[in-house]
Amino acid sequence: MSAEKAAERGERGGEHSGEPGAERAGEKVTAVGDSPAARLQALFEGHRLTPTQRRIAHSMVRRAADVPFLSSVELAELAGVSQPSVTRFAVALGFDGYPALRKHLRDVAPAEQSAASASYNEYQQAVEAEIENLRHLSELLADPRPVQKAGRLLAASRPLPVLGLRAAASQAYGFAYFAAKVHPDVRLLHEGGTMIHDRIDAAVRAGASTLLCFALPRHPREVVDTLGYAKEAGLSVVTVADSAFAPVAKVSDLLLPAAVGTGLAFDTACAPMLLGRVLLEAMCDDLPDAQARLEEFDARAAARGLFVE
């Protein structure tokens with residue numbers, strides 16, 4: 001939204017007040033910062049990787065800080081591939097073998113661990129990892145064009161289907177909940193099964209041009225299949241995923257990466273949630289009546305006594 005609209009919204013308060021490009025459809029977001037994950041993504045760019053190699057790259061990005069210190073066997077176990085696959089992956093990137101790749105990573109990303117961070121318990125380490133994920137997201141957003149492009153695509157799609165299954169269902173639900181306050185027709189697809197293709201067909205018949213997908217690990221095969229079906233049906237696919245090398249990348253027209261935390265028993269997804277809110281803001285910028293809709297909602301909520309003041 002514009003600065004004036006944002007200021008007005010902040011003064012009014014209300015439910016929405018605290019929840020806050022590439023020019024071609026096929027472009028992917030490029031990491032632009034100096035974090036370990038950004039350096040890894042820059043290393044992988046421009047290489048035609050096999051599905052197995054993309055899986056290795058994906059695993060490396062998720063554990064960017066640890067990768068320079070992993071053996072080829074450990075990386076193979078992390079990615080769920082064979083040790084020779086790791087060696088072939090290193091060669092595909094232009095190195096003599098995995099030891100040369102690991103040396104390169106150590107040279108460009110020396111470890112610097114403070115005394116304080118070394119003493120953190122596992123819960124604090126999980127929080128610190130999420131803070132690093134948010135820093136990386138901030139670096140990506142230094143180039144706002146991909147998000148702005150996504151915002152235009154989402155605003156123009158009537159209706160707008162929003163897909164998120166299993167671990168990503170809550171991300172899709174949160175986006176759809178707030179998007180419905182400013183977008184005239186948002187259709188949440190958060191339950192899989194045989195009906196999901198029918199619902200995509202119905203959205204296309206109603207005039208949809210873009211589908212937004214939230215995709216988080218572990219990536220359900222059904223999500224990849226559904227995105228492929230959506231593209232065949234003529235929809236542009238905008239995806240928020242945990243990595244530019246996630247399995248959904250091959251069936252996405254515009255992929256926006258936001259890393260998840262992996263330090264706890266279950267992944268944490270602060271960065272994908274925040275990126276979803278950023279997308280909402282970008283979409284509002286291309287919906288001329290967004291501010292009026294928000295004001296109308298505030299007035300009706302006040303009249304109904306919807307919220308406790």
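With which side chain does the side chain of D253 make a polar contact? In this predicted model, the partner is the side chain of K231, at 2.6 Å. The D253 side chain also reaches the backbone nitrogen of V237, at 2.7 Å. D253 itself sits in the loop between β4 (236–241) and β5 (254–257). Its relative accessibility is 14%, under the 20% limit, so D253 counts as buried.

Confidence was examined next. The mean pLDDT of the protein chain is 85. A value of 70 or more is reached by 85% of the residues. Residues 2–32 stay under 50. For this segment the model has 70 contacts beyond four places in sequence.

Helix α6 spans residues 98–108, and its buried residues are Y98, L101 and L105. Viewed down the axis of α6, these residues fall within an arc of 60 degrees, so they line one face of the helix. P99, K103 and D107 are exposed and lie on the face turned away from the buried side.

In soluble globular proteins, nonpolar side chains tend to be buried together. Here the largest nonpolar core has 48 residues. L101 is among those with the most contacts inside this core, along with F44, M60, F89, L211, L227 and V248. Neighbours within four places in sequence aside, L101 is in contact with L43, M60, F89, A90, L93 and F95. Another core, of 35 residues, lies apart from the largest one. V147, A150, L280 and C284 are among its members.

The structure holds 6 aromatic pairs. One of them joins Y173 and Y177: the ring centres are 6.4 Å apart and the planes are at 15 degrees, so the pair is stacked. Y173 and Y177 are 4 residues apart in helix α10 (residues 169–179), which separates them by about one helical turn. Y173 is partly exposed, at 48% relative accessibility. Y177 is also partly exposed, at 33%.

F175 and F214 form a tilted pair, with 5.9 Å from centre to centre and 50 degrees between the planes. F175 belongs to helix α10 and F214 to strand β3 (residues 210–215), so the pair ties together parts that are 39 residues apart in sequence. F175 is buried, at 0% relative accessibility. F214 is buried as well, at 2%. Elsewhere, ring pairs link F44, F89 and F245 into a cluster. F44 and F89 are also among the residues with the most contacts inside the largest nonpolar core.

Technical notes: Residues are numbered from 1 along each chain as its sequence is written. This is a predicted model: local features need pLDDT of at least 70, side-chain atom pairs count only at pLDDT 80 or more; totals for chains, interfaces and linings use all residues. Side-chain values use heavy atoms; hydrogens and water are left out. Buried means under 20% relative accessible area, exposed over 50%, partly exposed in between (1.4 Å probe, protein chains only). Helices (H or I, at least four residues) and strands (E, at least two) are DSSP runs, numbered from the N terminus. The arc is that of the directions from the helix axis to the C-beta atoms. A nonpolar core is a set of buried Ala, Val, Leu, Ile, Met, Phe, Trp, Tyr and Cys residues joined through side-chain atoms within 4.5 Å. Contact means heavy atoms within 4.5 Å. A polar contact is a pair of N or O atoms within 3.5 Å; within protein, one must be able to donate a hydrogen and the other to accept it, and residues adjacent in sequence count only if both atoms are side-chain atoms. pLDDT is the predictor's confidence in each residue, from 0 to 100. Rings of Phe, Tyr and Trp (its six-membered ring) pair if their centres lie within 6.5 Å; planes under 30 degrees apart count as stacked, over 60 as edge-to-face and the rest as tilted.
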